[in-house]
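Q: Please show me how to read the features of the structure below, one at a time.

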Amino acid sequence: LFTVIATGALFRWLTVGRWWWILSAVLATGLAASSKQPGVWHAVVNLVLGAVIFWESLPGLRRGESVRSLPLIITVLVFGGLCYWFLREWGLIHHVGRIFSDPEMRWHCLTQSRVFWQYAWRMFIPVRLCSDHWIPITQSADDGVAWIAAGVLGAILVVTLLLVRRKRPEGLLLALTLAPLLLRFCFRNQEPFVEYRTYPVMPWFCMLSTFLAGTLLLKRVRPARFAIGAGVIAVLFAGLSARRSVTWNDPRTLVTDIQRQYPLHLRSRSYQQHLDYSAGEYQTVIDRQVVVRQIVSDIFRFNHEDKRRKYVVPQVLNSYMFCEQSNAYALVELGRAPEAVSRLTEVINFIRTGLGNDRGKAFGALYRARGNAHASLQQFDRAAADYARAIERMPGDFETLRLIDALPPQFQAAAVPSPPEPAPTPPAPR
C-alpha cells in the first residue's frame, strides 16, 4: 500500500510539479520501510524506476528551469538520510556487501531464476499455494532448468528495457512488476521461496493485466462479453480465496497441506508436534519423532545423491532440534525423564560436533528441555546449569525464566549466567 502511494505521489509530482508531492513520496517510503524491513527497498526501487523512466518529464527540465530548488534539495537530503538510517539500523548494508563477496550468491541467483517462474504462474493461477514452501537450492552449474529459467528471464528484461525506452506504458508497468521479484536476487537467506514476496508485485501485476486485457481484448470483444468474462474470473478467484481461507483457519489442516506438498518439510513437523503436545497427546509426539528422524536421513541422502540441488542443512538441523525438544517434553510428561536426558545429550553432542559450535536459539531450546528433564528428576544443580546455557543463547526467554523460578531458591542464582568479565584496561603509556 505505502509503496503504491509513494509511486503515485512521484508520478503526481512529475505531472504537476508541486514539491509537496515528492515530499509525500518520501513520507510514504518511510512508512513502507517501517512496515517491513525490505519495504524500503521496494519503495526506493519503484521511485528510482519512475524517476529514470520519466527523467525528461521532470517539471523543471520541461520548463527549461533548474530543478535545484530548495524544497527539492531538502526532500532529496531527507530521502537520502532516511534510506541510510534504515540501511544501517537493520544491517542491510551488510546484505549489499554480500552481493559482491559471498561465493554462494551465484547459486542463489540461479535458484531465484527457477523460483521466479514459480511466483509468476501462481500470480496468474493461484493454485498449489503453500504457507511454507521447502525447495532445494541450486548448487551446481549442471542445473539446466535453472539456466533455461535465467535465460528466459533475461529475454523478458531485454523486452522490458526496449518498451521502457519507447515510453510504452506497459513497459513501465512491467518494470514495476519485475522489480520486487528481481530485488530478491540481492538477498540470500535460507528461505528461497516465500509466497508473500509477491505481495508488493500484485498491485502492478493487476494494473498490467488490466491494461493488456483492455488493449488487446476490448477492441475485439463486445463490452458485455468482456464484462461477463471478467465477472467469471472474479467469481473463480473468490472461490479459490475462500478455499484457501479454510486451510489457513485450521492449524492442523494447514500443516497437513504443507506436508502433502513437501513430504520432507521438517518445520511443519515441529509445529505439528507442538500442536500435539498442547493437546496432551504426548505419545503421538513421541511416535512422530520416529518419522522426523527418518525424514532427516532422507534429506541427507538426497543431498548426497543429487549433484545439482541441495537442501539447506542449517535449516534442517534447526527444525530437527525443535522436534527433539518437543519429544523430550513429551517423554518427561510420561515419566521417562532419564530417556529424555540421554537422548538430548546425544543430539547436542552430535550436532555440536558437526557444526563446530552450539550457538543459536535451537541449541538454547535443547538445553532448556534437558534442564526441564533434570528438574523432573530433582537434579536441580544440573537443571540450573542447563537453564543458564539456555538463557545465554535465548536472552530474556520467558519459558526459561519461568522454569528457573520453579527451581528451589538455592539453585536459582546458578541458573542465571554470569555477566562477562570486563577486559583489563591496558596500562597508560609512560
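Q: Which residues is Ser-131 in contact with, leaving aside its neighbours within four places in sequence?
A: A contact means that heavy atoms come within 4.5 Å of each other, and in this model Ser-131 is in contact with Arg-244, Trp-248, Leu-254 and Ile-258, once its neighbours within four places in sequence are left aside. Please keep in mind that this is a predicted model, in which local features need pLDDT of at least 70 and side-chain atom pairs count only at pLDDT 80 or more, while totals for chains, interfaces and linings use all residues. Residues are numbered from 1 along each chain as its sequence is written, and side-chain values use heavy atoms, with hydrogens and water left out.

Q: Where is Ser-131 placed, and how far apart are Ser-131 and Ile-258 in sequence and in space?
A: Helices (H or I, at least four residues) and strands (E, at least two) are DSSP runs numbered from the N terminus, and Ser-131 is in the loop between helix 7 (105-124) and strand 1. Ser-131 and Ile-258 are separated by 127 residues in sequence, yet their C-alpha atoms are 7.1 Å apart in space.

Q: What is the overall picture, in helices and strands and in the share of buried residues?
A: The protein has 20 helices and two strands. A residue is called buried under 20% relative accessible area, exposed over 50% and partly exposed in between, using a 1.4 Å probe and protein chains only; of the 430 residues in the protein, 41% are buried. Ser-131 is partly exposed, because its relative accessible area is 28%. Among contacts between residues at least 6 apart in sequence, 69% join residues at least 24 apart.

Q: What surrounds Asp-143, leaving aside its neighbours within four places in sequence?
A: Leaving those neighbours aside, Asp-143 is in contact with Arg-114, Thr-138, Arg-308 and Arg-309. A polar contact is a pair of N or O atoms within 3.5 Å, where within protein one must be able to donate a hydrogen and the other to accept it, and residues adjacent in sequence count only if both atoms are side-chain atoms; the side chains of Asp-143 and Thr-138 make one at 2.8 Å.

Q: How do helix 18 and helix 19 cross?
A: Axes are lines fitted to C-alpha atoms, for helices over the stretch in contact, and angles run from 0 to 180 degrees between N-to-C directions. The axes of helix 18 (residues 380-393) and helix 19 (residues 398-405) come within 10 Å and cross at roughly 155°. Angles under 35 degrees count as roughly parallel, over 145 as roughly antiparallel, 65 to 115 as roughly perpendicular and the rest as oblique, and helix 18 is therefore roughly antiparallel to helix 19. Helix 18 contributes Tyr-387, Ala-390 and Ile-391 to the contact, and helix 19 contributes Thr-400, Leu-401, Leu-403 and Ile-404.

Q: Which side chains does the side chain of Asp-397 join by polar contact?
A: Asp-397 lies in the loop between helix 18 and helix 19 and counts as buried because its relative accessibility is 17%. Its side chain makes a polar contact of 2.7 Å with that of Arg-368, and another of 2.5 Å with the side chain of Thr-400.

Q: At what angle do helix 13 and helix 15 pack?
A: Helix 13 (residues 266-278) and helix 15 (residues 313-333) pack at about 20°, with their axes 8 Å apart, and helix 13 is therefore roughly parallel to helix 15. The residues making the contact include Ser-270 and Tyr-277 of helix 13 and Phe-322 and Cys-323 of helix 15.

Q: What is the phi of Arg-128, and what is that of Gln-378?
A: Phi of Arg-128 is near 55°, a positive value in a residue other than glycine, and phi of Gln-378, also a residue other than glycine, is positive and near 60°. Arg-128 lies in the loop between helix 7 and strand 1, and Gln-378 in the loop between helix 17 (361-376) and helix 18. Arg-128 counts as exposed at 58% relative accessibility, and Gln-378 is exposed with a relative accessible area of 61%.
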